[in-house]
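Please look over the structure below with its charged side chains in mind.

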Amino acid sequence: MDDVTLLAEDGSAVGVLPKRDVHTSATPLHLAFSCHLRDREGRILVTRRALSKQTWPGVWTNSFCGHPRPGEDMVDAVTRRAHEELGVSLADIRLVLPSFRYRAVDASGIVENEICPVHVAVIDGELSVNPDEVAEWAWIEPADLVEAVERAPFAFSPWIREQLPQLRAIGEV
């Protein structure tokens, strides 16, 4: 089981917890990341979280998320997680929202409390999704994703709802 890096309010590392123990009704601030994948045509991959996920099961979200292991380089963590969740390699990994942070509570009372740098990348290869992570997936035009989230925000994760306006502001969506 992977460990998660706990953070102080200033973003400095202050400890480590096993991933299985981090997400509770009193989740401590910790380090994570999000990644939005594009294909060669510019479409964005959205995924529906597996129904077995501890937090926000069954909601649509960005391509994938994860937690870097303590001491792991962030790009290495993004690369590792892309392979674990989606079975793909990545090209052109770029950090676009380095200080993204959010806190949200799901319907079961479990809290997400993360400093979560956001990356974009280009998919290199065919998807081979892990059903323990992803229930469904779809390629969508950026403008259609923005419209879908605006029209049905309840169907999407809180982090993608917060990330999209920031990504639009910097021309990434």
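**Charged side chains, one arginine and a hairpin**

R94 counts as partly exposed at 34% relative accessibility, where buried means under 20% relative accessible area, exposed means over 50%, and partly exposed lies in between (1.4 Å probe, protein chains only). This is a predicted model, in which local features need pLDDT of at least 70 and side-chain atom pairs count only at pLDDT 80 or more, while totals for chains, interfaces and linings use all residues. Residues are numbered from 1 along each chain as its sequence is written, and side-chain values use heavy atoms, with hydrogens and water left out.

**Salt bridges**

- The count comes to 18 salt bridges, each being a side-chain nitrogen of Lys or Arg within 4 Å of a carboxyl oxygen of Asp or Glu.
- D92 forms a salt bridge with R94, and their closest N and O atoms are 3.7 Å apart.
- Salt bridges that share partners join D2, K53, R69, E72, R80, R81, E84, E85 and E133 into one network.
- E84 is partly exposed at 29% relative accessibility, and R69 is partly exposed with a relative accessible area of 33%.
- R20 forms a salt bridge with D21, with the closest N and O atoms 4.0 Å apart; R20 is exposed at 52%, whereas D21 is partly exposed at 39%.

**The arginine R49**

- R49, found in strand β5 (residues 44-49), is buried yet has no salt bridge, and the nearest side chain of opposite charge, E112, is 5.1 Å away.
- A polar atom of the R49 side chain lies 2.8 Å from the backbone oxygen of T55.
- Leaving aside residues up to four places away in sequence, R49 touches several residues, including T55, W56, E133 and W159, where contact means heavy atoms within 4.5 Å.

- Strand β9 (residues 101-105) has a covered face, Y102 and A104, and an uncovered face, R101, R103 and V105.
- β9 pairs with strand β10 (residues 111-115) in the antiparallel sense over 5 bridges, pairing being assigned if DSSP finds at least two bridges between two strands.
- The bridge partner of V105 in β10 is V111.
- β9 and β10 form a hairpin with 5 residues between them, and G109 in the turn has a positive phi of about 95 degrees.

Key
Helices (H or I, at least four residues) and strands (E, at least two) are DSSP runs, numbered from the N terminus. Lys and Arg count as positive and Asp and Glu as negative; His and the chain ends are not counted. A polar contact is a pair of N or O atoms within 3.5 Å; within protein, one must be able to donate a hydrogen and the other to accept it, and residues adjacent in sequence count only if both atoms are side-chain atoms.
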